[in-house]
Amino acid sequence: MIIKGEVACGAVETDINPIAIRLINYIYHEEKKPCPTKGIVTIVPVGRTGNQMWEYSSIWSIAKNTGLQPYLPLCLKLKLEEVFEKMQFPSLEAIADCPFNPNSAVDSSAKLSKTKQNIIIPRAKFYIDESRPYLKEIVKEFRFKREFVDYAQSTLRELKSKLPPKHYTFIGVHVRRTDYVNYLKTSYHSKPATSQYFQNAMNYFKKKFSNCIFIYVSDDPTWCFNQFGNLKDVFVPSYKTNSSAADDLALMAACNHTIFDYGTFGEWGAILAGGHAIFYNGKRNQPRRTQKFKNWIMMK
């Protein structure tokens, strides 16, 4: 198989160094598959959990629409399986010995001109429109590992134990700051979502549902606590404690509804949770989200 290097591995944002990635390609053993009789669809991976989930979704949807066989770059499969139970699609390692000419591949289904042609989806290209009809099926693929489910459930139980016995509506709130603050400034001359945005979104939910509890997850929990920690209906579980991105995503998925500012991580938190979602009407956000997902509202 000639799909090695960037497509097979290495472009996924990971803590695995490049030498280790090359070793994984040789050490990792997956059950070999017969060489594809049709073309295949794969992707050039990039980014972290939210991006990786859209990459998987894009491969799924294009494979469904074209009849091509889906294969995951090895590092994409490995990173997803750190968070979720075994993914359905095999990695490119399963057909590593099969002949493949990358020069004949195209980058979208619209460019397919013959049978047995392959699609390599470009880096950071997410097929959201194509994925939408299959999201109910795709979501079933993202089954959290038990440790993350346990974290989410134990966190919710602990919060309930501190509250009067009532039926509560839990709203997961994802706040992305750290690297994104400078990214917005340098790339879009834009500022991050303000505390007023989150306050407006919380007020919306409090008018719509009773006994709302807002659970903040963030790469900057200190900011969240400083802004909202004094509110009786706000909890920041990771403040002064450690939680992983997978913990945070599982916690968002366990909530009833979602508030997020921007980014694919927040999008997937909202998709997995179901229910209503509010997202930030910033310069970089796009109307596609309100158009593609029921009960999603853009707010300033």
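1. On one side of helix 6, Arg146, Glu147, Arg157 and Ser161 are exposed. Here exposed means over 50% relative accessible area, buried under 20% and partly exposed in between, with a 1.4 Å probe and protein chains only. Helices (H or I, at least four residues) and strands (E, at least two) are DSSP runs numbered from the N terminus.

2. A word on the source: this is a predicted model, in which local features need pLDDT of at least 70 and side-chain atom pairs count only at pLDDT 80 or more, while totals for chains, interfaces and linings use all residues. Residues are numbered from 1 along each chain as its sequence is written, and side-chain values use heavy atoms, with hydrogens and water left out.

3. Back to helix 6, which covers residues 146–161. Its 16 residues reach 22 Å from first C-alpha to last, close to the expected 22 Å; that expected span is 1.5 Å times one less than the number of residues. Phe148, Tyr151, Ala152, Thr155, Leu156 and Leu159 of helix 6 are buried. Seen down the axis of helix 6, the buried residues fall within an arc of 120 degrees, so they line one face of the helix. The arc is taken from the directions that lead from the helix axis to the C-beta atoms.

4. What covers that buried set? Helix 3 (74–83), strand 4 (169–175), strand 5 (212–218), strand 6 (234–235) and helix 10 (245–254) are included in the cover. Contact here means heavy atoms within 4.5 Å.

5. Next, look at the open sheet of three strands, which has the order 2-1-3 and parallel pairing. Strand 2 (69–70) and strand 3 (119–121) are at the edges with a single partner strand each, so one side of each has no neighbour in the sheet. Two strands pair if DSSP finds at least two bridges between them. Strand 1 (residues 40–43) is joined to strand 3 by three bridges, and isoleucine 43 has isoleucine 121 as its bridge partner in strand 3. Helix 2 (residues 49–66) packs on this sheet and touches strand 1, strand 2 and strand 3, its direction making about 160 degrees with that of strand 1. For such angles, axes are lines fitted to C-alpha atoms (for helices over the stretch in contact), and values run from 0 to 180 degrees between N-to-C directions.

6. Two residues are worth a look for their backbone. Most residues other than glycine have a negative phi. Threonine 178, in helix 7 (residues 178–188), has a positive phi of about 25 degrees; its relative accessible area of 45% makes it partly exposed. Lysine 240, in the loop between strand 6 and helix 10, has a positive phi of about 65 degrees and is exposed at 74% relative accessibility.

7. Finally, visit aspartate 219, in the loop between strand 5 and helix 9 (221–228) and partly exposed at 35%. Not counting residues up to four places away in sequence, aspartate 219 touches Val175, Arg176, Arg177, Thr178 and Asp179. A polar atom of its side chain lies 2.9 Å from the backbone nitrogen of arginine 177. Arginine 176, in the loop between strand 4 and helix 7, is buried at 18%. A polar contact of 3.2 Å links the side chains of arginine 176 and aspartate 179. A polar contact is a pair of N or O atoms within 3.5 Å; within protein, one must be able to donate a hydrogen and the other to accept it, and residues adjacent in sequence count only if both atoms are side-chain atoms.
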